[in-house]
Amino acid sequence: MILVVDFGGQYNQLIARRVRDLNVYCEVVPYQKALAKAKEINPKGIIFTGGPNSVYEENAPKIEKEIFELGIPVLGLCYGMQLMAASLGAEVKKSDQREFGKTNFTREESSLFKNIAENSTVWMSHIDKVESLPQGFEKIGYTDNCPIAAMQNKEKNLYALQFHPEVNHSEYGKEMLKNFVFEICKQEADWTMKNYAQTAIKEIQEKVQDGKVLLALSGGVDSSVVAKLISKAIGKNLTCIFVDHGLMRKNEGDEVEAAFKDSGMNFIRVDAEKRFLEKLENVTDPERKRKIIGEEFIRVFEEEAKKIKSVDYLAQGTIYPDIIESGLGDSAVIKSHHNVGGLPDYVDFKEIIEPLRMLFKDEVRQLGRELGLADYLVDRQPFPGPGLAIRVMGEITKEKLDILRDADYIFREEIAKAGIDKDINQYFAVLTNNRTVGVMGDFRTYDYTLGLRAVKTTDFMTADWARIPYEVLDKASTRIVNEVDHINRIVYDITSKPPATIEWE
Ligand code: XMP
């Protein structure tokens, strides 16, 4: 495997994902733990990420020199290059000219550059630069403003790039990482979701044996893949509780049921729509809606779980981005993500199992496909836990939910028909609390305004509104006002996040 050492750069997870895309397993460790981890697992190679610091700052992240003496190839990227240089006695200085963005790079001779053109575009983002070479190193590439943009010590298998090969803007970036992993580290491409599924199923069987596992299945990608994986391993000893809160999209509850009902596990669908709607009656504040739904969810789950005698394990759909510690997180707090907040306090069980905890989202989807999960579950866009409750502005009623479900369905259908569903990361309709005057036939109407929202994003922390072709918006709008009663006006949301959020509530 390859060890990715995190110095707090913004592309750290991207580096790990690029390595995984080469069918090579890798893990991200904070720099403070890198040496110990490298000694423990003896990886085939180590990659140092970038980071926001300057190596000469007093509190800048450092690395023990010993890491370069383990005989394991190391590739330093950006801050990782500067740190490698400084640790090995070379000079790193603030540059007169900051390099940021696409830059022309000229390569020289190195195994790192096998099959790569002499001149290419790379993505630069640095103020500091390596001024002189550490002993035993040679320069292997340069740009106009950076005479040492790449260096190597062939004998010790140490390599470094000032730019970011992990970013798409670096024309041959993926090839460079590939060369490092296969040509230099001699790693084999053996990380596939097929292997993963086989190993995970065996591990679950060995661990759980005749024990009972309980899972809260939401129908989202992660919990669906966990359900499928564990059911393949232990069949009826897995119980999945699907709390149908009545706030799902059109047909969604039935789709989830259809996907899991006959899969050999105990599948329990709890129809709790009435309970949830009663609790939400007259509630208009978005945060109160969230709180009520979260609490009611736990209550329903707990009631159902109590009916099952002696649960040994609680399964969760935690994935790798949820558990990666950041190199800059000196407190070393691991973000612990619970799909259903607070559950462990309410159900009596021995241990938690999280069979996806080492996988990135794309890998979870691949694994789902490998396990035979239907495309509509595997490709499902993120859907908030509180569901449509936060897409009906103000007070929630069954009637409003049904109006929204029908309109949202049409919008999604038109996006899919136009073939742009894979380019947009989240898209949905919201029912505003606003009514306006319209005219239909010869009649005056006074009905709801519907908002359409579609965003492009990679991390959901920031997002850009999607430039959907007018024709698609036109088709969706025409169909919705014609086919769904009580909507007579449609608006398209053209705000990005920030300042807006993706959801309206
Ligand atoms: P915002 O609206 O904060 O949404 O820009 C970012 C992402 O998070 C989802 N979201 C939620 N997911 N519970 C969830 O499980 C929530 O209360 C919640 N609120 C927003 C949203 O759909 C988007 O993907």
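Q: What area is buried between domain 1 and domain 2?
A: This is a predicted model, where local features need pLDDT of at least 70, side-chain atom pairs count only at pLDDT 80 or more, and totals for chains, interfaces and linings use all residues. Residues are numbered from 1 along each chain as its sequence is written, and side-chain values use heavy atoms, without hydrogens and water. Buried area is the accessible area (1.4 Å probe) that two parts lose on being put together, summed over both. Carbon and sulfur atoms give 51% of the area here, and the total is about 1,200 Å².

Q: Which residues of domain 1 lose the most area to domain 2?
A: Three residues together give 38% of what the domain 1 side buries. They are Gln13, Arg17 and Arg20.

Q: How many salt bridges are counted between domain 1 and domain 2?
A: A salt bridge is a side-chain nitrogen of Lys or Arg within 4 Å of a carboxyl oxygen of Asp or Glu. The side chains of arginine 20 and glutamate 363 form such a bridge, at 2.6 Å from N to O. Between domain 1 and domain 2 the count is 2.

Q: Which element gives the most residues to the side of domain 1 that touches domain 2?
A: Helices (H or I, at least four residues) and strands (E, at least two) are DSSP runs, numbered from the N terminus. Two elements give two or more residues to this side: β2 (26-30) and α1 (12-21). With 4 residues, the top contributor is α1.
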